[in-house]
Amino acid sequence: MIVADRKPLEEILNSIKDYKKIMLAGCGGCVTICFSGGAKAVELLASQIKMARKKEGRDIEIIECTPERQCEYEFIDEIKKDLESVDAVLSIACGVGVQAMSQRHPDTITIPGLNTKFMGYPIEHALWDERCAGCGDCVLEWTGGICPIARCAKKLLNGPCGGSANGKCEVDKDTDCAWQLIYDRLKKLGKLDNLKKIREPKDWRTSTNAGQRRIKFEEAML
Amino acid sequence: MKSDSRLEKVLTAGKFAVTAELGPPQNADPEAIKKKAQYCIGNVDGANITDNQTAIVRMSSIAAAAIAISCGVEPVVQMVCRDRNRIAMQSDILGAAALGVKNLLCLSGDHQKFGNHPQAANVFDIDSVQLIAMVKGMRDEKQFLSGDPIKEHEPRLFIGAVENPFADPFEYRVLRLAKKVEAGADFIQTQCVFDVEKFARWMGLVVAEGLHKKVYILAGLTPVRSHKALVYMKNEVAGMSIPDELIKRMESAGEPKEEGLKICLEMIEQVRRIEGVAGIHLMPIGWESITPVILERAGLLPRPEV
């Protein structure tokens, strides 16, 4: 899932300071699961904004909504009618949702209320860790299911750097060294030979280096 | 001979090699290099010119190496994967060789978090093992990483790499060294040895794998002037092993500088006796003037004629 974090309230208030009526749009997808952009987050943020504006003596009107997914046109078409009456949309979907909204409703300004962080999953309640960098050429087959691109601060492909100590990464002592995890896992699986092979330089064209990427699923094309 | 490097000649002649670190300044002053070079001239077989170490901006290692060459010091140019992609690295390798550089040390590089521009994007287009293989390909196969040929004047470089016997996972460190050797490393410089017992254990594994016959291993040594330096390294630098008795010995010393020097000399003696150790690499952080003193007292001067 995509994991996102709310922007500081001050930054959000500043970005909507010129508007008297806004739509606050959440998303029923990933950001609902990570608490930053679901219906509850919409309700909470709306009341925080209203209170702050009331204090300033400049009331604001907010239409609250949480489409099932903000990253698909069919769901954001449902709110089109309400858009006519607002000055702007404050979106607390991920960056994909914000852009889908902007693209589909180009006459209305859409402002992001979240910082989109990474693809990951909750390793425990209310704690998410990054797991995939979307490099476009998956290496998990030989790394024991642990990604060195997303989880090693140097994206190393041929083993740990000299800063791996007591299972932790030198960049952040709370973060596991991805290569220690890979080593331990492969050792357990009896596949340490996977680490003896020299891994060739990665072809980053499948990653973000060749500009915007596109996937076409021919079989499903209409 | 793979290169015209003095370091290569010393090592292939079976002589105990000595290299030392020469850090470029955080400004554009060539005199800073010339001053430090004085401690190296005639005293070492190669002077490592660090590449923005600990991610702090310093004079380019290749530019500093060219100045060192003009002083009569043979540089070992360090190259890290943090700041450049494969295009810039190969370009710099050609440039370094054209300026007379004969040794290149390939490293991943300290993460930018530890430097003075933690906001910077890092590159890590290739890693240190891939860098070693790339330099070897340029030298021996006369081709760029892309496979395009280098038409004459390929860079003739003696290829170095590093290994940290004190980082984790301990058992994997030898496997990783084997990869660097397979990729094309001609010599290895290790992280600073303070824990000789652990280093000897690691060397035992290296010898058991027969790697000491395929690559020259230089033990890294750092003379320290105070126990505080040891405490700092123990607590703040990941992947360092510093025995407590060493800290106590420095703390209780009447003349810490002399004690630090003595410890370094004892360690030189100890690592020399370990099978497979082909030389030492001195890293006197901020204390470059001590290099000739240590080497003189260790009986490593004058350097052999090769």
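Strand E2 (residues 21-25) of chain A runs parallel to E3(A), and 5 bridges join the two. Strands here are DSSP runs (E, at least two residues), as are helices (H or I, at least four), numbered from the N terminus. Two strands pair if DSSP finds at least two bridges between them. This is a predicted model, in which local features need pLDDT of at least 70 and side-chain atom pairs count only at pLDDT 80 or more, while totals for chains, interfaces and linings use all residues. Residues are numbered from 1 along each chain as its sequence is written, and chains are lettered from A and ligands numbered from 1 in the order in which they are written.

**Parallel sheet of chain A**

- Lys21(A) stands opposite Glu61(A) in E3(A).
- E2 and E3 belong to an open sheet of 4 strands, ordered E3-E2-E4-E5 (chain A), with parallel pairing.
- Strand E3 (61-65) and strand E5 (109-112) of chain A each have a single partner strand, so one side of each has no neighbour in the sheet.
- On average, neighbouring strands of this sheet are turned by 25° against each other, direction ignored.
- Helix H3 (residues 39-56) of chain A lies across E2 and E3 of chain A and runs at about 175° to E3(A).
- Helix H6 (residues 95-104) of chain A lies across E2, strand E4 (88-91) and E5 of chain A, at about 175° to E5(A).
- Axes are lines fitted to C-alpha atoms, for helices over the stretch in contact, and angles run from 0 to 180 degrees between N-to-C directions.

**Antiparallel sheet of chain A**

- An open sheet of 3 strands has the order E1-E6-E7 (chain A), with antiparallel pairing.
- Strand E1 (2-6) and strand E7 (127-132) of chain A stand at the edges with a single partner strand each, so one side of each lacks a neighbour in the sheet.
- Neighbouring strands of this sheet are turned by 70° against each other on average, direction ignored.
- E1(A) pairs with strand E6 (residues 114-124) of chain A over 5 bridges, in the antiparallel sense.
- Asp5(A) has Asn115(A) in E6(A) as its bridge partner.

**Domains of chain A**

- Chain A has domain 1 (2-117) and domain 2 (133-208), with bounds from an automatic or database domain assignment.
- The centres of domain 1 and domain 2 of chain A, taken over C-alpha atoms, are 37 Å apart.

**Where the chains meet**

- 25 residues of chain B are in contact with 24 residues of chain A; contact means that C-beta atoms, placed from the backbone, lie within 7 Å.
- On the chain B side, helix H5 (128-140) and helix H6 (172-183) are the elements that give two or more residues.
- H6(B) gives the most to this side, with 6 residues.
- The chain B side divides into 11 nonpolar, 6 polar and 8 charged residues.
- Ala, Val, Leu, Ile, Met, Phe, Trp, Tyr, Cys and Pro count as nonpolar, Asp, Glu, Lys and Arg as charged, and the others, Gly among them, as polar.

**Helix pairs in chain B**

- Helix H8 (residues 227-236) and helix H9 (residues 244-251) of chain B pack at about 155°, with axes 8 Å apart.
- That angle makes H8(B) roughly antiparallel to H9(B).
- Angles under 35 degrees count as roughly parallel, over 145 as roughly antiparallel, 65 to 115 as roughly perpendicular and the rest as oblique.
- His227(B), Leu230(B) and Val231(B) of H8(B) meet Leu246(B), Ile247(B), Met250(B) and Glu251(B) of H9(B).

Conventions:
Contact = placed C-beta atoms within 7 Å.
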